[in-house]
Amino acid sequence: MFSAFSRRLPQISIFHNPSSPPSVKALAMLRSSLSAPYPPDKPDAPPLDFNLEVIESKPPTPHQLRIILSNLTPKDSAAAPPPYSTFLSSHPSVPDTSEQPHSAIGIVNLATQNPNALKWPVVVDWNGGRASVGDVDGVKNMLEALRQRRDGQVKDDDDVAQPKWWFS
């Protein structure tokens with residue numbers, strides 16, 4: 001009866017570093033998808049509709065990192081989430097494997113002290129349970145999932161699973 005009221009716009013956050021080329025490209029792609037036809041090769045297509053939050057030069061919080069990490073695990077997989085080192089770049093200033101942090105707090109502390117240590121951008125579709133770390137193709141996949149939902153190619157229930165932290 002009130003299903004129209006329960007539909008919310010997808011909430012996408014990008015943890016962005018302007019000195020990172022992949023981050024700049026991902027942010028431009030996200031902004032373009034909001035203001036220009038999406039997909040770009042279909043001039044009659046409408047733009048996508050989602051809320052975009054840009055967090056510049058600041059890493060996610062430890063709680064956000066845990067959620068993002070759980071969203072990197074495929075939904076149909078019983079596999080454990082990837083390690084926290086997933087968030088670390090290959091920059092020479094990043095500690096060796098044996099000295100790398102193994103917790104969300106450790107990653108945030110390292111990224112706060114040394115922004116080059118984080119793999120930018122970190123993009124999250126909070127409602128859809130999708131995330132991408134340092135990967136522009138992951139952002140393209142998120143936008144494609146939003147397009148499929150907009151165009152009715154997937155049902156809302158099939159496409160938007162409740163986030164894993166929904167009841168916690």
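## Close-up views of the predicted model

**View 1. Strand β1 and its antiparallel neighbour.** Strand β1 and strand β3 (residues 122-125) run antiparallel and are joined by four bridges. Within this pairing, I14 stands opposite V123 of β3. The structure shown here, as in the other views, is a predicted model rather than an experimental one.

View 2. Strand β1 covers residues 11-16, and five of its six residues are buried, so that the strand is mostly covered.

**View 3. Helix α5 and its two ends.** Helix α5 comprises the 15 residues 136-150, which at 1.5 Å a residue should span 21 Å, and this agrees with the 21 Å that separates its end C-alpha atoms. At the start of the helix, a side-chain oxygen of D135 comes to within 3.1 Å of the backbone nitrogen of D137, whereas just after the helix G152 adopts a positive phi of about 75°. The buried residues of α5 include V136, V139, M142, L143 and L146, and among them are also R147 and R149.

**View 4. The whole chain, for orientation.** The protein chain contains six helices and four strands, which follow one another in the pattern α-β-α-β-α-α-β-β-α-α. Of its 168 residues, 42% count as buried, and carbon and sulfur atoms contribute 54% of an accessible surface of about 9,500 Å².

Technical notes. Residues numbered from 1 in each chain as written. Predicted model: local features only at pLDDT ≥ 70, side-chain atom pairs only at ≥ 80, totals over all residues. Heavy atoms only, no water. Expected span 1.5 Å × (residues − 1). Buried < 20%, exposed > 50% of the residue type's maximum accessible area, 1.4 Å probe, protein only. Polar contact = N/O pair within 3.5 Å; in protein donor to acceptor, adjacent residues only side chain to side chain. Areas by Shrake-Rupley, 256 points an atom, 1.4 Å probe, with all protein chains shown as cover. Pairing = 2+ DSSP bridges.
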